[in-house]
Amino acid sequence: MASVFSLPSSSFLSPLKTTRFRTKFQSLHSSPKPFLINSLQLKELDPNIPEPVQTFWKWLCDEGVVSAKTPVKPGIVPEGLGLVAKRDIAKGETVLEVPRRFWINPDAVADTEIGNVCTGLKPWISVALFLLREKWRDDSKWKYYMAVLPESTDSTIYWSEEELSEIQGTQLLSTTLSVKDYVQNEFQKVEEEVILPNKQLFPFPITLDDFFWAFGMLRSRAFSRLRNQNLILVPFADLTNHNARVTTEDHAHEVRGPAGLFSWDLLFSLRSPLKLKAGDQLFIQYDLNKSNADMALDYGFIEPSTSARDAFTLTLEISESDDFYEDKLDIAESNGLGETAYFDIKLGQSLPRFLIPYLRLVALSGTDAFLLESIFRNAVWGHLELPVSRANEELICKVVRDACKSALSAYHTTIKEDERLMEEGNLSSRLQIAVGIRAGEKKVLQQIDDIFRERELELDELEYYQERRLKDLGLVGEQGDIIFWEPK
């Protein structure tokens with residue numbers, strides 16, 4: 001009647017972000033010797049910054065993307081590499097602007113030699129092929145940007161089997177495996193249909209690992225919230241790190257402005273969401289709505305101290321074998337739901353508004369099925385927002401609690417064991433993610449079980465449909481006793 005299982009991420013791409021910087025860089029070809037760097041242009045940079053980043057910064061200076069007035073610069077930060085303030089910066093002040101000619105998106109791909117063969121491909125696949133081709137080309141306009149892209153992130157798509165075993169039983173594991181299968185299937189199709197038939201455009205080997213690299217870069221760095229932009233990489237802007245202190249997402253904008261000495265164009269404009277002192281790191285908010293599992297999959301980190309990021313998805317469905325399938329589906333669709341419904345439950349927060357009504361709908365049977373009759377169609381959801389019958393309420397409690405127990409039994413550690421590991425510290429970045437994810441999911445499952453356990457204890461005290469109906473008809477007294485009217 002009802003089932004609980006993992007929900008794959010609903011969105012492929014995510015807001016702008018960077019991940020821990022690596023001093024090693026993946027290369028599909030031997031990079032040319034970097035050009036000489038003007039020491040005056042780089043005098044403000046930390047000398048410990050890797051040479052590829054210094055070269056990238058020089059390129060941005062030469063191209064006019066940054067100038068002496070640019071109030072931020074690359075710096076070594078706890079996250080690895082980030083942008084730091086060169087001077088005090090006011091909240092809402094514009095800190096960088098990147099002209100459209102430096103955006104990497106499907107439009108940029110369309111204007112290249114591979115544009116024609118990428119027509120009709122999923123946008124992310126066309127950009128992934130573009131990244132791989134530009135990374136291979138010695139004469140690429142983007143070679144200095146490609147050189148600063150990390151070889152991987154701590155996203156779970158890059159984890160080994162041993163590392164993935166640490167998230168055994170979690171929804172994150174099943175989502176990660178589904179994503180990896182998806183990417184592999186897409187690679188096999190694009191290899192057969194695009195790469196191999198066009199060897200003159202792709203005269204270098206592209207492996208599944210290369211394709212995963214490009215996918216991970218897009219997943220972790222692409223910005224998708226600009227007006228009219230569904231997928232966009234913005235060099236320089238994607239050095240900005242995430243911080244939970246930023247509680248808004250309105251920092252990036254598409255504006256018109258000067259893009260050269262005598263030209264105007266669209267600009268990617270980034271404003272500081274926080275007031276900064278000179279030397280402070282510039283932060284943005286990647287996504288307020290993502291769970292820790294989403295963060296781990298997309299960016300390769302979590303927020304262990306933010307309980308609202310800990311979540312578990314209950315997935316419920318109306319079985320096609322249900323005798324009242326058509327009626328239940330019609331009611332669900334009339335209320336914005338469907339045959340399958342997903343409910344994200346967050347730690348420390350109340351249950352989603354439509355969860356219990358949907359559960360009651362799925363569980364309706366026997367004598368309660370009269371509510372499915374057409375005469376009740378316009379009012380039935382209102383009835384489902386309140387207890388229908390003791391049998392119905394008892395059934396939804398049992399289904400949910402059994403599902404929670406089943407899910408909890410799949411983890412190989414307890415909450416206390418995970419908390420002890422986190423208290424002891426000295427965990428690798430990936431193990432820290434694993435422990436945080438599985439502990440968070442278990443806490444949410446325990447919370448759900450507690451809610452429905454308490455509801456089971458209240459079954460005899462709840463007021464059900466028939467009692468409410470009798471009260472409406474004036475047939476129940478103040479003490480709940482049924483009033484019998486005797487004929488005169």
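Is H253 buried, exposed or partly exposed? In this predicted model, H253 is partly exposed, with a relative accessible area of 23%.

**Annotated binding-site residues**
- The UniProt record, an unreviewed entry, carries a "binding site" annotation that covers R221, R225, D238, H253, Y286 and Y299.
- H253 belongs to strand β5, which runs over residues 252–258.
- From there, the side chain of H253 reaches the backbone oxygen of D250 at 2.8 Å.
- D238 sits in the loop between α9 (208–221) and β4 (241–242).
- With a relative accessible area of 1%, D238 counts as buried, because the cut-off for that label is under 20%.
- The side chain of D238 also makes a polar contact with the side chain of Y145, at 2.5 Å.

**Helix α2**
- Helix α2 covers residues 51–62, and its 12 residues should span 16 Å at 1.5 Å a residue.
- The end C-alpha atoms of α2 are 16 Å apart, which agrees with that expectation.
- Nine of the 12 residues of α2 are buried, so the helix is largely enclosed by the rest of the structure.
- The buried residues in α2 are V53, Q54, T55, F56, W57, K58, W59, L60 and C61.
- Just after α2 comes G64, which takes a positive phi of about 80 degrees.

Definitions and conventions
Residues are numbered from 1 along each chain as its sequence is written. This is a predicted model: local features need pLDDT of at least 70, side-chain atom pairs count only at pLDDT 80 or more; totals for chains, interfaces and linings use all residues. Side-chain values use heavy atoms; hydrogens and water are left out. UniProt positions are given in the numbering used here, feature names are shortened, and annotations may be inferred rather than shown by experiment. Helices (H or I, at least four residues) and strands (E, at least two) are DSSP runs, numbered from the N terminus. Buried means under 20% relative accessible area, exposed over 50%, partly exposed in between (1.4 Å probe, protein chains only). A polar contact is a pair of N or O atoms within 3.5 Å; within protein, one must be able to donate a hydrogen and the other to accept it, and residues adjacent in sequence count only if both atoms are side-chain atoms. The expected span of a helix is 1.5 Å times one less than its number of residues.
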